[in-house]
Amino acid sequence: MQHRITNIPERIFRIAAEVVQHIYGIFRNSKTARLLFLILVIKLSIFYGFFKSYWFPVHLEPKWESEQHQIDEVTERIINTPKNNHDD
Amino acid sequence: MIESFETIDFALVNWSRGQFAMTAFFHWLFIPLTIGLTYIVAITQTFYVKTGDSEWERISKFWARLFVINFAIGVGTGIILGLEFGTNWANYSWIAGDIFGAPLAAEAMMAFMLESTFIAVMFFGWGKLNKKFHLLSVYLTAFGATLSALWILVANAWMNYPVGMEFNPVTARHEMVDFWAVLFSPFAVNKFLHTVGSCMVIASFFVIAVSSWYLLKKRERLLSGRSIVIAAVFGLLSSVYVAATGDGSAYNVAQHQPAKLAVMEGLFDGEENAGLVAAGILSPGKEIGDTKKDFIFKVEIPGMLSFLGYRDINAFVPGINDLVYGNEKHGIMSAQKKMQRGKLALEALAQYKEARATGDQELMEKHHASFKKHYPYMGYGHLHAPEDIATYIPLIFYSFHIMVMIGFALIVLAALFLYLIVKNRLEKFKWLLHIGIWSFPIAFIASMTGWIVAEVGRQPWTIQGLLPTMISTSNISSGAVITTFWVFATVLSVLLIAEIRIMRNAIIKGPAKQKGGNNV
């Protein structure tokens with residue numbers, strides 16, 4: 001019984017290693033797979049790494065001091081009719 | 001008294017709209033194949049599991065390979081749209097976030113988890129897993145992709161038909177009170193069915209296009225023949241289904257967005273027994289309220305618009321002029337009256353805010369009651385002129401009719417392909433194979449024009465009747481939006497070029513010769 005219990009982590013490790021080897025084999029043998037993976041990595045780096053993590057928060061995030069400030073500004077925009085509510 | 005105090009930067013509004021339209025356009029170039037092609041892979045893989053014929057597995061792997069390419073390059077293009085809600089449309093996000101955020105969160109948690117997990121099982125498990133479990137993983141991938149479409153379409157449907165919420169004057173935002181009303185609103189249900197159906201149409205004609213090319217090159221005849229059978233059946237059924245759900249869309253639009261329907265049909269003056277314009281050319285320079293002829297020429301199906309919109313061939317369908325200037329006989333309130341009521345709502349909100357600041361409970365209740373009474377017209381209080389409720393008439397009219405014409409043409413094309421391939425005569429009609437190749441981009445045009453009708457047709461609103469687009473934007477510089485517009489356009493164009501080149505190379509290379517092994 002103890003033998004079976006101690007075998008479980010070893011079995012899980014072996015299965016995981018087989019899966020990793022299998023996936024590695026696919027990428028090793030297929031140029032298309034490598035190219036797609038590279039595009040995926042570059043693209044997600046740009047979207048998450050650059051845009052989401054830096055560009056949007058630093059340059060595009062609307063700046064409010066607090067939630068109440070945001071509420072007040074949004075309410076002002078809803079309530080007040082602008083001088084030019086038509087794109088001429 | 002409402003005081004005018006600020007000016008709207010329409011450069012910011014228009015570039016923000018343009019940026020969202022551009023990023024949504026690029027995103028939509030990838031999504032239909034992601035959703036639709038998984039079903040075709042699932043069907044062909046089902047044939048393999050049922051029959052044991054390894055050619056079916058080869059076919060399945062080929063289409064799965066093209067699916068992988070599209071998925072890998074397209075995944076993540078939707079991230080930009082999600083970020084844009086916060087950066088470019090902060091006012092809208094605050095006002096609608098309590099309702100809008102829930103479906104987007106559900107999309108991420110449910111759909112992406114399911115889709116991404118089983119995509120990995122599908123790709124890396126080919127030849128390694130039990131056949132039936134692998135087949136299940138393909139169906140679950142398709143289901144996951146469809147589920148993600150559900151949530152975003154629920155969010156979009158709410159913008160056209162806002163239900164299940166109440167406006168909180170203290171926080172100046174809509175708060176969800178009935179999740180099920182949002183999820184099962186007739187707009188949401190129909191939009192989901194119609195849009196997913198269109199993805200299946202596009203995927204079907206992608207398969208037909210590629211297979212047609214192979215047949216013209218006298219290559220992969222067995223793969224092409226079998227694929228065309230599957231795609232033509234799938235395409236025919238989904239094309240008819242899209243037409244049926246399109247009817248549902250027209251009905252919903254007639255009930256809740258009558259101005260959009262009138263614009264779609266170029267109907268300036270309302271009619272009983274209103275005909276559906278099958279084809280027509282609008283008079284150039286025709287304006288709302290003028291006496292110029294509406295059309296240079298048109299071909300109508302008598303009574304059809306009344307039937308589609310109101311399920312009664314003799315029903316009165318309001319025209320643009322009725323909705324703008326009112327029609328007492330048919331109980332249609334003019335846009336001017338709605339604007340007056342909208343201004344009352346905004347004034348009541350301002351007075352409620354003042355009363356709240358002074359702590360006058362009685363005044364607060366009085367103004368809150370007045371606000372609630374006129375709330376359904378809140379957005380109209382911002383409009384400049386009654387004519388603003390019906391905009392971009394030629395664009396929406398022609399987009400709608402292009403979409404419908406292509407939709408019906410695709411039904412005929414799918415039926416023709418099915419008939420000829422079953423009779424083993426398709427290869428004799430080389431002109432039809434050339435049309436088959438072009439059917440894929442043409443199916444895309446139908447889909448894109450449909451989105452133009454849905455989204456441009458909703459203008460001037462971000463939330464129908466409650467929030468106009470011009471006050472939905474963030475308080476940022478138009479320069480920042482212009483800069484990011486071109487950055488996104490460049491990045492997304494590079495992705496599109498990469499997709500086309502890799503896809504083209506994969507198609508030219510063709511399916512793997514050997515049986516078994518991986519699918520990439």
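**Exercise 1. The make-up of the two chains**

How many helices and how many strands are there in chain B? Determine also what the elements of chain A are.

*Solution.* The model is predicted, so local features need pLDDT of at least 70 and side-chain atom pairs count only at pLDDT 80 or more, whereas totals for chains, interfaces and linings use all residues; side-chain values use heavy atoms, with hydrogens and water left out. Residues are numbered from 1 along each chain as its sequence is written, and chains are lettered from A and ligands numbered from 1 in the order in which they are written.

Step 1. Apply the definition: helices (H or I, at least four residues) and strands (E, at least two) are DSSP runs, numbered from the N terminus.

Step 2. Chain B has 16 helices and 8 strands. With a radius of gyration of 25 Å, close to the 24 Å that the globule rule gives for 520 residues, chain B is as compact as a globular protein of that length. The radius is taken over C-alpha atoms, and the rule is 2.2 Å times the number of residues to the power 0.38.

Step 3. Chain A has 3 helices and 0 strands; from the N terminus on, its elements run α-α-α.

**Exercise 2. Burial and surface**

What percentage of the residues is buried in chain B, and what percentage in chain A?

*Solution.* Step 1. Buried means under 20% relative accessible area, exposed over 50%, and partly exposed in between (1.4 Å probe, protein chains only).

Step 1. In chain B, 57% of the 520 residues are buried. In chain A, buried residues make up 27% of the 88 residues.

Step 2. Turn to the accessible areas, which come from the Shrake-Rupley method with a 1.4 Å probe; for residues, only the protein chains shown count as cover. The accessible surface of chain B comes to about 21400 Å², of which 65% belongs to carbon and sulfur atoms. Chain A exposes about 6300 Å², and carbon and sulfur atoms supply 60% of it.

**Exercise 3. The nonpolar core**

Which residues have the most contacts inside the largest nonpolar core?

*Solution.* Step 1. A nonpolar core is a set of buried Ala, Val, Leu, Ile, Met, Phe, Trp, Tyr and Cys residues joined through side-chain atoms within 4.5 Å. In soluble globular proteins, nonpolar side chains tend to be buried together.

Step 1. The largest nonpolar core has 176 residues, and those with the most contacts inside it are B:Trp63, B:Leu66 and B:Tyr92.

Step 2. Contact means heavy atoms within 4.5 Å. Leaving aside its neighbours within four places in sequence, B:Leu66 is in contact with B:Leu37, B:Phe206, B:Met503, B:Ala506 and B:Ile507.

**Exercise 4. Backbone geometry**

Where does B:Ala172 lie, and what is its phi? Consider B:Asn273 and B:Pro460 as well.

*Solution.* Step 1. Most residues other than glycine have a negative phi, and most peptide bonds are trans.

Step 1. B:Ala172 lies in the loop between strand S1 (165-168) and strand S2 (173-176) of chain B. Its phi is positive, about 55°, although B:Ala172 is not a glycine. B:Ala172 is buried, at a relative accessible area of 1%.

Step 2. B:Asn273 also has a positive phi, near 55°. B:Asn273 occupies the loop between strand S3 (271-272) and strand S4 (276-282) of chain B and is partly exposed, at 34% relative accessibility.

Step 3. The peptide bond from B:Gln459 to B:Pro460 is cis, with omega near 15°. B:Pro460 is located in the loop between helix H15 (430-456) and strand S7 (461-463) of chain B.
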